[in-house]
Amino acid sequence: MADDPLCMAFRGLQAFQVLFTLPIQMHPVAMLEDEHFPGYPTLTRLFNVVLVSGVAIAIPRMADVLSIIGGVGMTTAGIVVPTLMWIGYYGGAQQLMPGRLAFMVCIVSISVVLGTWATVLSVENLVT
């Protein structure tokens with residue numbers, strides 16, 4: 001990213017977001033570890049923090065790796081899955097009107113194309 005004020009503001013927002021969402025993201029992991037290692041809750045949480053921090057420090061171009069994961073994961077988790085859940089909630093694709101089904105197919109198709117494009121650009125930036 002360039003070092004202009006807008007990019008710096010986005011970096012600050014991303015850092016703020018990670019600071020407050022990482023504990024929420026790690027909660028299911030901690031609960032699973034508590035089931036397997038009930039006598040060591042502090043040790044397992046310390047291991048989680050050291051592991052996540054160590055990976056972030058060890059990978060020199062972590063931003064590029066995260067953008068690849070985000071290009072694939074956000075398309076799936078943010079657009080495709082909710083669309084499929086909505087279709088499933090209303091009785092499946094055969095229950096939808098043809099216009100609404102075409103709209104849903106367009107949303108998913110455009111999302112997959114843009115997610116793939118973002119991933120390809122991220123891989124290209126990582127390689128070059």
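Me: How many salt bridges does the structure hold?
Reply: The predicted model holds one salt bridge, formed by aspartate 34 with arginine 45, whose closest N and O atoms are 2.9 Å apart.

Me: Which parts does that pair tie together?
Reply: Aspartate 34 belongs to helix H1, residues 5-36, while arginine 45 belongs to helix H2, residues 41-58, so the pair links parts that lie 11 residues apart in sequence.

Me: And is aspartate 34 buried, exposed or partly exposed?
Reply: Aspartate 34 has a relative accessibility of 22% and counts as partly exposed, because buried would require a value under 20%.

Me: OK, on to the helices themselves: at what angle do the axes of H1 and H2 cross?
Reply: The two axes cross at roughly 135 degrees and come within 10 Å, and H1 and H2 are therefore described as oblique to each other.

Me: Why oblique and not roughly antiparallel?
Reply: The crossing angle is roughly 135 degrees, whereas roughly antiparallel is kept for angles over 145, so the pair falls under oblique.

Me: What is the handedness of the crossing?
Reply: H1 passes H2 in a right-handed crossing.

Me: Where is phenylalanine 37 placed?
Reply: Phenylalanine 37 sits in the loop between H1 and H2, and with a relative accessible area of 46% this residue is partly exposed.

Me: What about asparagine 48, buried or exposed?
Reply: Asparagine 48, which is placed in helix H2, is buried, with a relative accessible area of 8%.

Me: How far is the C-alpha atom of asparagine 48 from that of glutamate 33?
Reply: Those C-alpha atoms are separated by 10.0 Å, and the two residues are 15 residues apart along the chain.

Me: Last one, where is leucine 66 found?
Reply: Leucine 66 is found in helix H3, which covers residues 62-89, and is partly exposed, with a relative accessible area of 48%. The C-alpha atoms of leucine 66 and serine 122 are separated by 9.1 Å, although these residues are 56 residues apart along the chain.

Definitions and conventions. Residues numbered from 1 in each chain as written. Predicted model: local features only at pLDDT ≥ 70, side-chain atom pairs only at ≥ 80, totals over all residues. Heavy atoms only, no water. Salt bridge = Lys/Arg side-chain N within 4 Å of Asp/Glu carboxyl O. Helix = DSSP H or I, 4+ residues; strand = E, 2+ residues; numbered from the N terminus. Buried < 20%, exposed > 50% of the residue type's maximum accessible area, 1.4 Å probe, protein only. Axes fitted to C-alpha atoms, helices over the stretch in contact; angles between N-to-C directions. Parallel < 35°, antiparallel > 145°, perpendicular 65-115°, else oblique. Left-handed = near helix turned anticlockwise from the far one by under 90°.
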